[in-house]
Amino acid sequence: MSQHISYQRPESAAPWTPEETAEWLKLRATLTTGPQSGKGRRVVFDIEGNGILRAEGSMSACDTMWCIGAGDIDTGERFYWGVDIGPDSIADGLRFLADVDLALAHNGIGYDYQILEELYPWWRRPAKAWDTLVLAKII
């Protein structure tokens, strides 16, 4: 079951133009959120947080996860979990990602997987957790 998704820009951001507002409302209508099963799915995903990774071996500057977006590469379904939806939304997205058959993230090894494991120690990567940045270099 999908939930209503809302989004507020930070006060420091410029106001949305009418075109940006229309584009967000159009996109929002296509997204699924809330508890979902990742079993059997192959997904590409991305996360957004408040910082970046520091030098190898040190803690990241990221201490807050804002959202997770994912797309099922077989069905075309698009998913979203974020702090703007509610306090359990990110955890719902993490459970979804932990259950997928294949997770693809661009720079996943260099960012996404590390940040998720640092901020959510209970979370485990799926058995097939690939990085499209690495794949692009070897193809």
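Contact here means heavy atoms within 4.5 Å. With that in hand, let us walk through this protein chain, which has four helices and six strands. It is a predicted model, in which local features need pLDDT of at least 70 and side-chain atom pairs count only at pLDDT 80 or more, while totals for chains, interfaces and linings use all residues. Residues are numbered from 1 along each chain as its sequence is written, and side-chain values use heavy atoms, with hydrogens and water left out.

**The whole chain**

- Helices (H or I, at least four residues) and strands (E, at least two) are DSSP runs, numbered from the N terminus.
- Of the 139 residues, 35% count as buried; buried means under 20% relative accessible area, exposed over 50%, and partly exposed in between (1.4 Å probe, protein chains only).
- The chain exposes about 8,500 Å², and carbon and sulfur atoms supply 56% of this area. Accessible areas come from the Shrake-Rupley method with a 1.4 Å probe, and for residues only the protein chains shown count as cover.
- Take the contacts between residues at least 6 apart in sequence: 63% of them join residues at least 24 apart.

**The sheet**

- Six strands make an open sheet with mixed pairing, in the order β1-β4-β3-β2-β5-β6.
- β1 (31-32) and β6 (129-131) stand at the edges with a single partner strand each, so one side of each has no neighbour in the sheet.
- Two strands pair if DSSP finds at least two bridges between them.
- β2 (residues 42-49) and β3 (residues 65-72) run antiparallel and are joined by seven bridges. Along this pair, Ile-47 stands opposite Ile-68, and Val-44 stands opposite Gly-71.
- β3 also pairs with β4 in the antiparallel sense, over five bridges; here Ala-70 stands opposite Phe-79.
- β3 and β4 form a hairpin with five residues between them, and Gly-76 in the turn has a positive phi of about 85 degrees.
- β3 is mostly covered, with six of its eight residues buried.

- How many of the eleven residues of α2 (residues 89-99) are buried? Eight are, which leaves this helix mostly covered.
- Among the buried residues of α2 are Ile-90, Leu-94, Phe-96 and Leu-97.
- Their cover includes β2, β3, β4 (78-82) and α3.
- Helix α3 (residues 108-119) lies across β2, β3, β5 (102-105) and β6, running at about 70 degrees to β2. For such angles, axes are lines fitted to C-alpha atoms, for helices over the stretch in contact, and the angles run from 0 to 180 degrees between N-to-C directions.

**A loop residue to look for**

- Asn-107 is found in the loop between β5 and α3.
- Asn-107 has a positive phi of about 65 degrees although it is not a glycine.
- At 30% relative accessibility, Asn-107 counts as partly exposed.

**A nonpolar patch on the surface**

- Ile-109, Val-134, Ile-138 and Ile-139 form a nonpolar surface patch, with about 450 Å² of accessible area together.
- Patches are made of residues with over 30% relative accessible area and no salt bridge; like charges are joined within 9 Å, and nonpolar side chains (Val, Leu, Ile, Met, Phe, Trp, Tyr) within 5 Å. A salt bridge is a side-chain nitrogen of Lys or Arg within 4 Å of a carboxyl oxygen of Asp or Glu.
- Ile-139 lies in the segment after α4 (132-138), and with a relative accessible area of 85% Ile-139 is exposed.
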